[in-house]
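I opened this model to look up a few side chains and their surroundings. My notes follow.

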Amino acid sequence: MAHPDLGLALSALALASFVSILWRLSRIGKRLKDYPPGPPTLPVIGNLHQIPSEKRHQKFGQWAQEYGPIYSLMLGTKVYVVLSADYAIRDLIDKRGPIYASRPDLYIAQHVVSGGFRILFMEANETWKMARKLANRVLKIETARTYVPYQDLENKAMLLDMLEDPDHFIDHLRRYTASLTTQMTFGFRTTSIQDPKFKEAFDVWALILIPGQKLCMLTRLDIRHSLGADGYQGEPRTLQM
């Protein structure tokens, strides 16, 4: 027969764990007092429900008039600071560049989709410095001049595709950008939009960018990431104004 004190201790531990989880969840989506002002938030999702699917710039302009040239948006566990005036951009990005040289922790785009290797979303660490040096080697002016023949070839191929099949205009643009990238990076062309690797890449991004699924995935994965349920331990980030 179980000792009554043991049962009481287990009950207290379970209650404490439940309260701790609720407390951590209540902090998700909440704007801290030292952050720039912004629109009211809801628990967990913050301002996600207020981001329009179209003409977002108009909504951002309205918030700038209401909250000033520097305001914040709470998108799940992420904090976005919006700069809507040229002097604010110069003061924070130009004059204080070393503070903001890194990137925010974009969990889905970087860790889920890209395996942590997408340069655009990397934090300013040693891996990023190495990747930046490699990118500089292949993108500097002297090297970029050698890509002109590839660009000329893909330009002509895209124009021919548009003449022969104008109804799939967007698909031709996608194939053009993909083929130009694979030529310069890996040495082979993407000659058809039906290419398996090409379709796989766009199918993954299309799934993520569907508005309803994006909100669901973003909220679920970011909550797991915030609670450490997925095993990823990111470094805490502080906002410096």
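Where does Arg-31 lie? I find Arg-31 in the loop between H1 and helix H2 (56-67). Helices here are DSSP runs of H or I, at least four residues, and strands are runs of E, at least two, numbered from the N terminus.

Ground rules first. This is a predicted model, where local features need pLDDT of at least 70, side-chain atom pairs count only at pLDDT 80 or more, and totals for chains, interfaces and linings use all residues. Residues are numbered from 1 along each chain as its sequence is written, and side-chain values use heavy atoms, with hydrogens and water left out.

**Arg-31.** I checked its charge partners. Arg-31 is buried and has no salt bridge. The nearest side chain of opposite charge, Asp-34, is 9.4 Å away. (Buried means under 20% relative accessible area, exposed over 50%, partly exposed in between, with a 1.4 Å probe and protein chains only. A salt bridge puts a side-chain nitrogen of Lys or Arg within 4 Å of a carboxyl oxygen of Asp or Glu. Lys and Arg count as positive, Asp and Glu as negative; His and the chain ends are not counted.)

Which side chain joins Arg-31 in a polar contact? Ser-72 does, at 2.8 Å. The backbone oxygen of Pro-39 also lies 3.0 Å from a polar atom of the Arg-31 side chain. (A polar contact is a pair of N or O atoms within 3.5 Å; within protein, one must be able to donate a hydrogen and the other to accept it, and residues adjacent in sequence count only if both atoms are side-chain atoms.)

**Salt bridges.** I looked up how many the structure holds: 8. Arg-90 pairs with Asp-86, closest N and O atoms 3.6 Å apart. Both lie in helix H3 (residues 86-94), 4 residues apart, about one turn of the helix. Arg-90 counts as partly exposed because its relative accessibility is 43%.

Arg-174 pairs with Asp-171 at 4.0 Å between the closest N and O atoms. They are 3 residues apart in helix H8 (residues 169-186), so about one helical turn separates them. Arg-174 is partly exposed at 36%, and Asp-171 is partly exposed at 23%.

I also noted a network of salt bridges linking Glu-154, Asp-161, Arg-175 and Arg-189.

**Ala-109.** Is Ala-109 buried or exposed? Ala-109 counts as buried, because its relative accessibility is 15%. Ala-109 sits in helix H4 (residues 107-113).

**Whole protein.** I counted 10 helices and 2 strands. Of the 241 residues, 24% count as buried.
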